[in-house]
Amino acid sequence: MRERARHVEAIMRALARAIDGLELPAVEKISQKQEDDPFQVLIATLLSARTQDATTFAASTRLFAVACTPETMAALPVKRIERLIYPVSFYRHKARHVRATCRILVEKFGGRVPGTMEELLTLPGVGRKTANLVLILSFKSHRNICVDTHVHRISNRLGWVRTRTPEETEQSLYTSTASRWWPYLNLYLVTWGQHVCRPISPRCSGCALAEWCPRVGVSRTARVSPPNAGARVAV
Ligand code: SF4
């Protein structure tokens, strides 16, 4: 166990240095720009599923320019929300969830985003990934880990977990990593996954983690490894 703790420590410290200067994930940027406003973090995370990061950021910015509170967003017609968030994937579906969520926030939570996992999971379209990210970014929780497919994939490649789903990975990471790293796992691994440890053909050559990484399940790697090129997809 001590060996695992040292492995996690070495990699997280290396990542803290390696991601410096790389573009942040869209929701992190929105969170920083809006001083961690839980409402905007919640809505941007809802929009981000299976959507390229640049598209999420642009759509969130358009939507928040028109309505940036649960009250004003709940008053928008679904068609208007659809037009504002297009072309995020499943934009019709997400527009309905966004408005329904805003209505519940107004009617049930006094226009505020609730600060517990149980309450967040009652909102339409909100799963553990979204709830964990809101709790980490906006409520400064040190008891949650947000696992998307980047975190799931890289945790398995690094040998920290052996899991089949992001849900299993979240639970496994609570026991395989020290709690001091939990608030940072998403930021570090998503940034690395978008730029270097990509889903297909990771850029292992020249990767800052190469000396510690067993590359579990990696069968093909990219020939070049520029750290700041390529499309970025939030998941
Ligand atoms: S060495 Fe390869 S598999 Fe390991 S973290 Fe780096 S890019 Fe990912």
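**Close-up views of a predicted model**

**Figure 1. Helix α12 spans residues 182–195.** This helix has 14 residues and reaches 21 Å from its first C-alpha to its last, close to the 20 Å expected at 1.5 Å a residue; the expected span is 1.5 Å times one less than the number of residues. Helices are DSSP runs of H or I with at least four residues, numbered from the N terminus. Helix α12 is mostly covered, as 13 of its 14 residues are buried. Buried means under 20% relative accessible area, exposed means over 50%, and partly exposed lies in between (1.4 Å probe, protein chains only). The structure is a predicted model, in which local features need pLDDT of at least 70 and side-chain atom pairs count only at pLDDT 80 or more, whereas totals for chains, interfaces and linings use all residues. Residues are numbered from 1 along each chain as its sequence is written, and side-chain values use heavy atoms, with hydrogens and water left out.

**Figure 2. Glutamate 82 and lysine 79 form a salt bridge.** A salt bridge is a side-chain nitrogen of Lys or Arg within 4 Å of a carboxyl oxygen of Asp or Glu; the whole structure contains 6 salt bridges. In this pair the closest N and O atoms are 3.4 Å apart. The two residues are separated by about one helical turn because they lie 3 residues apart in helix α6 (residues 78–85). Glutamate 82 is buried, at 9% relative accessibility, whereas lysine 79 is partly exposed, at 48%.

**Figure 3. Glutamate 170 forms a salt bridge with arginine 128.** Their closest N and O atoms are 2.6 Å apart. The pair links distant parts of the chain, 42 residues apart: glutamate 170 belongs to helix α11 (residues 166–176) and arginine 128 to helix α9 (residues 128–137). Glutamate 170 is buried, with a relative accessibility of 3%, while arginine 128 is partly exposed, at 32%.

**Figure 4. Glutamate 168 and arginine 164 meet through their side chains in a salt bridge.** The N to O distance is 3.0 Å. Glutamate 168 is partly exposed, at 29% relative accessibility, and arginine 164 is exposed, at 71%.

**Figure 5. A network of salt bridges links Glu9, Arg13 and Arg180.** The three residues Glu9, Arg13 and Arg180 are shown together as members of this network.
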